[in-house]
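Please keep the structure in view while reading.

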Amino acid sequence: MRSIELLHHGSAFAKQVQQQWLSMRHLAVNFGSVPHTESISQQRFSFVHSKQFRKHLRQLSQSHPSKAKCPTLVKHQRSFALDSASNTIFDHKEPVTQLITDFFVEPHRGLEHFYNLQRESKIWWMRYSSNPSRYAIVPYDFQSESELREDCQAIDIKSAFGEAGDVVVEQLSLVSLPGDKDFELPDARTGKMLLPKVIRSVIELEPATCALLLDGCDHGRESRSLLLNRVLAPYQCGVAAIQKTDQISPVLRDLCAHMADVLQSAQLRLHLFEENGYALARNQVQLAQHLEQSDRLGVPYTLLLDEEQALDNGLMQLRSRDTQLAESIHISDLPDYLLNIFRN
């Protein structure tokens, strides 16, 4: 798939993936977005010799002394032009953002941590997939003899799409540090200085986002829904109603606007059908068109309002993208009912 570019909705989805990465392992020291001035090496183990890596280790000791111990972890992000040798079926027009996590671990427990992180990372990707079985841990294919070192190991977590190929969603590498005192950290339990091993996790955000989007389409169902994980979905809910008269009812319009405001005030990401934040359909056919558009954007839930029912007994319908069914809920249950769904 060549010249792939994330448009507005795709970029909104990528932002949610990025937010989940930021919230994962929240105790990490985060150096934020780092300008990339050094060339990207084809050898994934050479980062320990870079000026940026040494700078981060120095900043860790100076700015975060309580976390400058082993084990510890640091995060940063950087953007660069994706080269043609990158192991992905997607060729991106825009620069690619790398989400990087470095784990500094005790040297004698390096392999133990490496295997644990493989399992944790694979589970993380499976959790957000509509088809968890497509993810696999694959040994890294060393490109040259110079990369093949006894003290280094590497795997890729890949998402398989049949004949179309695989997408590397995350790279994990276990690397030994150069024998330099500048790289030493005190053991968190004994205080003894030691030379840690580093496990680097690299997620290329845009290719990984495309893999999750393709995963949401490749579900084999009759519906044309985009089955995005409801936590990651850029829009979590929409508001729609049917006009039962030729003229738009001010009461129905106010009710829709109120519910949209309630959901947004609860920090739920609302799919804005129109500028006013909700959709008013003139008949069932038009409502079905609104819902189909919502399903194609991966919106998990749509709140369906009926003026008479809502005013008479406070009930409304909550439609699910996945089941295509609606359940009755009371207006007093919002937004807590939806918030509990997304928390769980």
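## Two crossing helices

In this predicted model, the axes of helix H1 (residues 8-23) and helix H4 (residues 205-217) come within 10 Å and cross at roughly 110°. Angles of 65 to 115 degrees count as roughly perpendicular, and H1 and H4 are therefore roughly perpendicular to each other. On the side of H1 the contact is made by Gly10, Phe13, Ala14, Val17 and Gln18, while H4 contributes Leu205, Thr209, Leu212 and Leu213. Sorted by class, this contact of H1 with H4 holds 6 nonpolar and 3 polar residues, with no charged residues.

## A covered strand and its partners

Strand E6 (residues 166-176) is mostly covered, since 9 of its 11 residues are buried. E6 pairs with strand E5 (residues 153-160) in the antiparallel sense over 8 bridges, and E6 also pairs with strand E9 (residues 197-204), again in the antiparallel sense, over 6 bridges. Leu172 of E6 can be followed in both directions, for it stands opposite Ile155 and also opposite Ser201 in E9. The hairpin of E5 and E6 has 5 residues between the strands, and in this hairpin Gly162 takes a positive phi near 60°.

| Strands | Sense | Bridges |
|---|---|---|
| E5 and E6 | antiparallel | 8 bridges |
| E6 and E9 | antiparallel | 6 bridges |
| E13 and E14 | antiparallel | 5 bridges |

## An open sheet and a helix across it

An open sheet of 5 strands has the order E11-E10-E12-E13-E14, and its pairing is mixed. Strand E11 (279-281) and strand E14 (326-330) are the edge strands, each of which pairs on one side only. From one strand to the next, the twist averages 30°. Where strand E13 (residues 315-320) pairs with E14, Leu318 has Glu327 in E14 as its bridge partner. Helix H5 (residues 250-265) lies across E10, E11, E12 and E13, and runs at about 170° to E10.

## Cysteines

How many disulfides does the model contain? The count comes to 0 disulfides, where a pair of cysteine sulfur atoms would have to lie within 2.5 Å. For Cys217, the nearest cysteine sulfur is that of Cys210, 11 Å away, and Cys217 is partly exposed, with a relative accessible area of 47%. For Cys237, the nearest cysteine sulfur belongs to Cys256 and is 12 Å away, while Cys237 counts as buried at 1% relative accessibility.

How values were computed:
Residues are numbered from 1 along each chain as its sequence is written. This is a predicted model: local features need pLDDT of at least 70, side-chain atom pairs count only at pLDDT 80 or more; totals for chains, interfaces and linings use all residues. Side-chain values use heavy atoms; hydrogens and water are left out. Two strands pair if DSSP finds at least two bridges between them. Helices (H or I, at least four residues) and strands (E, at least two) are DSSP runs, numbered from the N terminus. Axes are lines fitted to C-alpha atoms, for helices over the stretch in contact, and angles run from 0 to 180 degrees between N-to-C directions. Contact means heavy atoms within 4.5 Å. Angles under 35 degrees count as roughly parallel, over 145 as roughly antiparallel, 65 to 115 as roughly perpendicular and the rest as oblique. Ala, Val, Leu, Ile, Met, Phe, Trp, Tyr, Cys and Pro count as nonpolar, Asp, Glu, Lys and Arg as charged, and the others, Gly among them, as polar. Buried means under 20% relative accessible area, exposed over 50%, partly exposed in between (1.4 Å probe, protein chains only).
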